[in-house]
Number of protein chains: 4
Amino acid sequence: MTQTSRPSGNKAVLLLSCPDRVGLVARIAHFIYERGGNILDLDEHVDVGDGHFFLRVSWSLDHFSIPVTDLEAAFAPMAREFGALWKIRLSGRRERMAIFVSKYDHCLREILWRHRLGEFGIDIPMIVSNHPDLAPLADEYGIPYHVVPVTRETRHDAEARQIELCEAEGIDTIVLARYMQVLSPEFTARYPSRIINIHHSFLPAFIGGNPYRQAYERGVKLIGATSHYVTDELDEGPIIEQDIIRISHRDTLEDLVRKGRDLERLVLARGIRLHSEHRILVNGRKTVIFD
Amino acid sequence: MTQTSRPSGNKAVLLLSCPDRVGLVARIAHFIYERGGNILDLDEHVDVGDGHFFLRVSWSLDHFSIPVTDLEAAFAPMAREFGALWKIRLSGRRERMAIFVSKYDHCLREILWRHRLGEFGIDIPMIVSNHPDLAPLADEYGIPYHVVPVTRETRHDAEARQIELCEAEGIDTIVLARYMQVLSPEFTARYPSRIINIHHSFLPAFIGGNPYRQAYERGVKLIGATSHYVTDELDEGPIIEQDIIRISHRDTLEDLVRKGRDLERLVLARGIRLHSEHRILVNGRKTVIFD
Amino acid sequence: MTQTSRPSGNKAVLLLSCPDRVGLVARIAHFIYERGGNILDLDEHVDVGDGHFFLRVSWSLDHFSIPVTDLEAAFAPMAREFGALWKIRLSGRRERMAIFVSKYDHCLREILWRHRLGEFGIDIPMIVSNHPDLAPLADEYGIPYHVVPVTRETRHDAEARQIELCEAEGIDTIVLARYMQVLSPEFTARYPSRIINIHHSFLPAFIGGNPYRQAYERGVKLIGATSHYVTDELDEGPIIEQDIIRISHRDTLEDLVRKGRDLERLVLARGIRLHSEHRILVNGRKTVIFD
Amino acid sequence: MTQTSRPSGNKAVLLLSCPDRVGLVARIAHFIYERGGNILDLDEHVDVGDGHFFLRVSWSLDHFSIPVTDLEAAFAPMAREFGALWKIRLSGRRERMAIFVSKYDHCLREILWRHRLGEFGIDIPMIVSNHPDLAPLADEYGIPYHVVPVTRETRHDAEARQIELCEAEGIDTIVLARYMQVLSPEFTARYPSRIINIHHSFLPAFIGGNPYRQAYERGVKLIGATSHYVTDELDEGPIIEQDIIRISHRDTLEDLVRKGRDLERLVLARGIRLHSEHRILVNGRKTVIFD
């Protein structure tokens with residue numbers, strides 16, 4: 001009976017969205033209760049614009065009266081009645097994430113360090129890069145590092161190889177930790193709301209390349225970073241988390257890059273954490289974050 | 001079916017705390033559902049330390065099957081079973097707040113301006129001050145302004161007069177908007193978790209008098225403000241909201257006072273808003289804020 | 001001998017920019033020193049990109065050996081030698097600002113309240129609006145309020161009238177306090193770096209109309225406000241100050257507007273303060289802020 | 001001719017404080033100018049309370065007319081005349097810092113990573129710990145790691161050993177990166193304004209042990225971190241930098257520790273950077289930060 005964000009005991013999390021109607025919370029809470037589940041955390045949201053309902057509920061399975069293997073089958077009829085999109089995640093089953101990187105080490109280093117501290121509660125079975133540079137860092141954490149070179153000409157084959165690797169490892173989610181290649185629509189379509197990118201600006205400002213240079217030349221007084229899901233529109237995917245830091249005329253472009261690194265690390269880490277705890281529901285171009 | 005913070009239609013809000021146990025959310029949600037209430041917003045929290053449960057749920061009364069006048073009687077048995085502290089507030093019934101001020105106008109001005117904009121959804125039937133200075137501001141908003149002078153010798157009589165005024169107006173909550181007098185334990189005991197104060201530091205730093213001078217002399221790089229409920233321990237009551245602003249060695253004591261005014265206004269206004277929307281539950285020395 | 005931002009005694013402020021070269025600081029400091037001026041505050045900046053030099057220096061005139069009326073003539077030769085753009089402001093001479101507003105009162109209210117508190121050290125000889133609505137607020141502060149209606153057809157004549165009013169009052173700077181009309185290039189050209197606007201987004205995000213709606217629809221997690229000088233490119237002028245506030249999926253469009261009001265007030269007030277204290281130098285599309 | 005914070009060419013930095021008087025800036029700027037130095041950055045501050053003057057000026061030595069070895073002797077007479085405390089640092093001479101740690105790795109890891117990126121421009125000739133745990137991390141960066149166990153009984157001998165190590169390495173500054181031992185007054189007196197500590201609260205709140213637990217129990221809505229110089233009064237030394245992060249009732253004590261780690265890393269790194277660039281002057285219990 002704790003709302004702590006750390007996994008505690010055996011529990012289930014239901015993420016659900018459907019058209020709003022009377023009694024959704026009560027009926028779902030009752031479904032859990034009558035099977036001996038104890039609700040640990042329940043949060044819901046209704047989009048006033050389109051009257052869509054979003055729910056996250058987690059409950060303890062300690063005295064649950066049906067086998068978890070039967071849980072989805074038991075819930076399916078009600079979900080059908082509601083016309084809901086839904087998924088149930090069990091605490092025993094950790095999210096499997098692949099990290100894609102290029103040459104910058106700061107985001108990867110941050111993720112691996114937090115991972116070892118147990119901040120995420122995920123598995124990281126592999127790291128994929130288009131460069132060999134960060135292999136030693138992967139070794140330090142004992143994680144397989146696959147080099148898949150990418151050029152404009154070879155992108156299609158490279159992505160085929162990346163997908164092959166992801167499927168071999170049963171990857172749920174891909175984290176682009178300053179991965180400097182644009183993924184094809186075919187690739188992104190395979191992982192809807194399952195590819196997390198860090199963009200080094202407060203989107204939608206400074207979309208595309210060299211956002212720090214764009215910010216420097218525009219003379220903004222704040223720079224930012226944004227973690228978001230990747231869609232086939234560059235930097236247009238649903239935003240998960242954003243933060244900013246103050247700069248001044250004294251800051252050179254190099255200072256922006258340096259200060260921005262700190263933001264990128266934090267904002268990507270927060271995004272990974274929210275995703276790994278199943279706290280994010282996508283609502284069209286937006287996210288609902290049950291934090 | 002909206003969780004928007006603006007009052008919308010006829011609705012009820014239940015605030016409840018009790019020892020945690022299985023099924024609390026389900027049974028309370030069911031109580032509302034079986035009477036035709038539609039849950040607009042439900043949030044709950046369990047204190048992992050002492051296993052205490054806290055709930056805020058609001059629901060639409062549009063198709064409610066029992067008269068609201070019978071609502072408390074209908075809920076009482078379940079609350080007794082849970083051993084709960086609870087209250088139900090109806091949207092029709094606006095919180096009645098008295099503002100206590102001395103000579104500084106910035107917090108009062110902010111509250112009255114937001115009040116007129118409808119940010120709070122409260123009634124402000126009167127303003128009480130130990131000085132006549134701000135009467136014109138009260139007049140501008142057409143709110144009765146009562147001058148109750150206070151000296152160490154007359155404090156007891158002054159408080160008797162203040163209580164008389166509050167009772168005559170059916171005041172629920174008292175807001176100390178930079179009111180420079182300390183209230184007696186007898187007075188504060190009459191309004192448990194119903195007196196909101198703004199303290200111009202990030203408590204617990206700089207308790208007591210002249211916090212800006214204390215901050216200036218300590219050489220901190222941040223100054224803050226804290227809105228909190230008043231208890232009989234000076235500046236020790238449950239904290240509702242805090243915020244800070246960055247300062248530097250260039251800031252004089254006068255600069256700290258100037259910058260702090262902006263913080264005080266915002267932090268007090270946020271506290272009033274949270275209280276007026278019944279989003280605060282007190283948990284010993286702490287608050288649970290269902291924002 | 002204090003850098004406090006409050007006007008203190010009789011002083012002069014020099015703002016200067018020129019191509020960088022050896023000895024600029026020493027020779028300007030010496031110019032002041034040898035005339036008995038005591039430097040209160042000196043700050044300088046070199047743009048590493050184009051090697052341009054920017055200086056702000058203020059000094060006490062208490063024992064200045066030449067009449068202030070001769071000051072500009074005395075400094076002119078050195079400025080010519082440096083190929084500098086420069087201006088000297090005397091503390092006796094307060095900046096004269098006109099406030100342009102439409103119907104929203106929050107920015108105007110904030111400016112007038114701070115003005116009365118002496119936060120700016122400026123004169124506000126008039127308020128100009130295309131609507132009569134805020135006249136009572138102007139009256140409350142005893143400031144003339146001129147209604148100049150504007151339609152697409154009458155814009156040219158309206159601007160002619162506005163300019164007439166500004167010239168009659170010897171206006172140095174125009175503050176657009178949520179003034180909802182776009183000024184013509186002819187108008188803005190008359191007041192280079194002398195028109196301050198508040199835009200309710202963190203520029204360059206959400207340029208143009210309805211930035212809160214744009215932000216709401218994009219699903220950002222932060223909203224911002226930007227005070228900037230007006231040029232003939234809409235929302236592209238040099239940025240003076242920016243700040244942001246965190247929002248969530250729970251915030252409706254109305255909540256964004258409400259939260260944004262607090263940002264707009266603060267960010268515009270900071271911009272006015274920096275301008276009134278002659279702390280801003282324009283560097284192409286950017287500003288140098290000597291804060 | 002750049003104020004960028006990166007080391008650029010051969011330059012000197014003068015830090016000076018003295019009683020305020022007329023002409024200080026002009027005469028010091030002239031001293032540099034007449035010897036062919038080009039001022040890159042000049043910042044000054046006067047404490048209005050006690051009329052004390054603080055200056056930081058850096059200049060290029062590229063065309064300096066006297067040998068840097070004669071610089072201090074050349075400046076000494078003027079400094080004597082001003083009654084100044086002063087030091088001159090040459091860019092060729094990097095600050096030598098020793099890192100003291102115990103078992104927590106996050107601050108050390110952050111410092112070493114930034115150090116390798118060249119963010120500090122310092123030398124780190126050794127790491128000292130009262131535990132062997134972090135030796136592998138030191139090895140990874142090729143920095144000698146000395147284990148000096150400390151108990152209440154052995155503290156005196158341990159400190160003697162630590163001093164011996166510092167003197168052998170010509171250490172200028174000691175960074176306490178979550179070093180969990182209190183240093184004796186004798187030790188701190190040896191390194192005045194040359195020991196930097198990170199305290200995991202926004203001082204002066206939560207002085208002493210377990211600040212996160214203190215914060216958790218008090219129910220604050222913000223937690224902070226503070227980097228400061230160490231004096232013989234625990235947590236009372238001059239504050240260099242502070243920052244905060246928002247928390248809620250949902251955060252457990254473990255969440256506070258986790259979120260606080262991010263603050264500690266950033267706030268300590270900023271303090272080290274400011275110190276390594278000679279941007280800090282101590283003013284009694286306060287600091288003057290020329291950022």
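**Notebook: aromatic rings, chain copies and domains**

I began with chain A, where Phe100(A), Tyr179(A), Phe187(A) and Tyr191(A) form one aromatic cluster; rings of Phe, Tyr and Trp (its six-membered ring) pair if their centres lie within 6.5 Å, and planes under 30 degrees apart count as stacked, over 60 as edge-to-face and the rest as tilted. I noted that the model is predicted, so that local features need pLDDT of at least 70 and side-chain atom pairs count only at pLDDT 80 or more, while totals for chains, interfaces and linings use all residues. Residues are numbered from 1 along each chain as its sequence is written, chains are lettered from A and ligands numbered from 1 in the order in which they are written, and side-chain values use heavy atoms, with hydrogens and water left out.

**Ring pairs**

I searched the whole structure and found 30 aromatic pairs over all chains. I then looked at Trp59(B) and Phe64(B), a tilted pair with 6.2 Å centre to centre and 40 degrees between the planes. Trp59(B) is buried at a relative accessible area of 1%, and Phe64(B) is buried at 12%, where buried means under 20% relative accessible area, exposed over 50% and partly exposed in between (1.4 Å probe, protein chains only).

Why is the pair of Phe31(C) and Phe75(C) edge-to-face? I read it so because the ring centres are 5.2 Å apart and the planes stand at 75 degrees. This pair links distant parts of the chain, 44 residues apart, with Phe31(C) in helix α1 (residues 24-33) and Phe75(C) in helix α2 (residues 71-82) of chain C; helices (H or I, at least four residues) are DSSP runs, numbered from the N terminus. Both Phe31(C) and Phe75(C) are buried.

**Charges over rings**

I looked up Lys286(A), whose charged end sits over the ring of Tyr216(C), 3.4 Å from its centre, and Lys286(C), whose charged end sits over the ring of Tyr216(A), 3.4 Å from its centre. For this, NZ of Lys or CZ of Arg must be within 6 Å of the ring centre and within 35 degrees of the ring normal.

**Domains of chain A**

I recorded domain 1 (11-90) and domain 2 (95-289) in chain A, with bounds from an automatic or database domain assignment. Their centres, taken over C-alpha atoms, are separated by 31 Å. The contact (heavy atoms within 4.5 Å) takes 11 residues from domain 1 of chain A and nine residues from domain 2 of chain A.

Note on methods: Helix = DSSP H or I, 4+ residues; strand = E, 2+ residues; numbered from the N terminus.
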